[in-house]
Amino acid sequence: MRRREEQAMEILEGADQSLLDVIDHVLNKGVAVSGEAILGVAGVDLVYLRLSALLCAADRVQPRSRKK
Amino acid sequence: MSDLTYLYCVVQREKAPPLARAPRGLPGTGTPRAIDAGRGLWLVASDAPAAGYGEASIGRGLQDLAWVSARALPHEAVIEFVGRSGTVLPMKLFTLFRNDERALEHVAGQRRRIDRLLERLAGREEWGLRVLIDEPRALERAEASARSEAKGASGTEFLLRKKKQRDLSREVIERGGERAAALFDELSRRTDDSRRRAPPPGPAGRRVLLDAAFLVRRGQVKPFHAAVRKAAGRLGRDGYELTLTGPWPPYNFVAESA
């Protein structure tokens, strides 16, 4: 049972988080920013970036022993 | 051209957040500094040259994953640092204002919503969960169990079992969505808030069934992990893989719709 869990699950904390996970979290995916005061990137389609972030992160999910 | 104001986050604190040891922030920007927004609220921002952070530069940079990466990490690092000194509302990457006054105006205009959010986010952290199904592996497992049953069977029985094997495989895959939804519901009940994000179409054979964020009270992180681990044990048998990431500043819980 324990072994099965270890293979099926990976916990990534702090420094273990991949760069792409970080990008996936910090990117503005079209959240409405109000007013011309903001020069943000609300209008830019970032879907492709998020996609590659998720896919690359998915590749990393190989069976390996759980940390700690 | 004058500098723009790059906003990392808003933080709730009686006194200014200590930033002397803060990470340097985005390339080309000034060191992060605190701007008083009044009544225990501070903006953490830095000066960003319009040449490198204007709309055109960002538009160009966004085509380049390496360029984005070199900015995403420092952005996250500054917010994590500030998050240790108070409750933060993290801004998304490239939240820029023409100047400090505009940033302050924006925050003042949203003050009621911000105060409400801060109350909901205090003492909590975000955890991300992805559930994937490895389709070839899921099929292999279903087939292996059907094969072991078919050992030594007669011709007719063998064919029946072959059919059963096919049905089983289909079921494993079709039920993936349902099981992911059930897991999301279960974990949502255990946490203070949750967001399900539309999973992107994965490459052949590896489908992202669930991409979700949970808002977890700090004291509840251990039981939350235990629940995810339990689910991983259950789902792992059938070819599912779970990835839990965190703790994150609550990026997914500060959106306008929240």
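At what angle do helix H2 (residues 19-26) of chain A and helix H3 (residues 65-83) of chain B pack, and how many Å apart are their axes? In this predicted model, the two helices meet at an angle of about 75°, and their axes are 9 Å apart. Angles of 65 to 115 degrees count as roughly perpendicular, and H2(A) and H3(B) are therefore roughly perpendicular to each other.

**Contact between the helices**

- On the side of H2(A), the residues in the contact are A:Leu19, A:Val22, A:Ile23 and A:Val26.
- H3(B) meets them with B:Val68, B:Ser69, B:Ala72, B:Leu73, B:His75 and B:Glu76.
- Seven residues of this contact are nonpolar, two are polar and one is charged.

**Chain A**

- Chain A contains three helices and one strand, and their order from the N terminus is α-β-α-α.
- Of the 68 residues in chain A, 31% are buried.
- Among the contacts in chain A with a separation of 6 or more, 58% join residues 24 or more positions apart.

**Domains of chain B**

- The domain assignment divides chain B into domain 1 (4-121) and domain 2 (124-253).
- Taken over C-alpha atoms, the centres of these two domains of chain B are separated by 36 Å.
- Their contact involves six residues from domain 1 of chain B and five residues from domain 2 of chain B.
- On the domain 1 side of chain B, H3 and strand E4 (87-90) are the elements that give two or more residues.
- H3(B) gives the most to that side, with three residues.
- The domain 1 side of this contact in chain B consists of four nonpolar residues, one polar residue and one charged residue.

**The largest nonpolar core**

- The largest nonpolar core has 68 residues, of which B:Tyr8, B:Cys9, B:Val44, B:Val82 and B:Val131 touch the most other members.
- Strand E8 (residues 206-217) of chain B gives the most to this core, with eight residues.
- Both domain 1 (4-121) and domain 2 (124-253) of chain B take part, each giving at least three residues to this core.
- Beyond its neighbours within four places in sequence, B:Val82 is in contact with B:Tyr8, B:Cys9, B:Val11, B:Pro17, B:Val44 and B:Val88.

**B:Val254**

- B:Val254 is placed in the segment after strand E9 (240-248) of chain B.
- A residue is buried if 20 or more other C-beta atoms lie within 10 Å of its own; B:Val254 has 23 C-beta neighbours inside 10 Å and therefore counts as buried.
- Residues up to four places away in sequence aside, B:Val254 touches B:Leu89, B:Pro90 and B:Leu117.
- B:Val254 and B:Lys92 are 162 residues apart in sequence, and their C-alpha atoms are 9.4 Å apart in space.

**Backbone features of chain B**

- The peptide bond from B:Gly246 to B:Pro247 is cis, with omega near -5°, and B:Pro247 is in strand E9 of chain B.
- B:Arg39 is not a glycine, yet its phi is positive, at about 45°.
- B:Arg39 occupies the loop between strand E2 (33-36) and strand E3 (41-48) of chain B, and it counts as exposed because it has 9 C-beta neighbours inside 10 Å.
- B:Phe94, also a residue other than glycine, has a positive phi near 65°.
- B:Phe94 is found in the loop between E4 and strand E5 (96-97) of chain B, and B:Phe94 is buried because 28 other C-beta atoms lie within 10 Å.

Notes
Residues numbered from 1 in each chain as written. Chains lettered and ligands numbered in written order. Predicted model: local features only at pLDDT ≥ 70, side-chain atom pairs only at ≥ 80, totals over all residues. Axes fitted to C-alpha atoms, helices over the stretch in contact; angles between N-to-C directions. Helix = DSSP H or I, 4+ residues; strand = E, 2+ residues; numbered from the N terminus. Parallel < 35°, antiparallel > 145°, perpendicular 65-115°, else oblique. Contact = placed C-beta atoms within 7 Å. Nonpolar A, V, L, I, M, F, W, Y, C, P; charged D, E, K, R; others polar. Domains from an automatic or database assignment. Buried ≥ 20, exposed ≤ 12 C-beta atoms within 10 Å, placed from the backbone. Core = buried A, V, L, I, M, F, W, Y, C linked by C-beta atoms within 7 Å.
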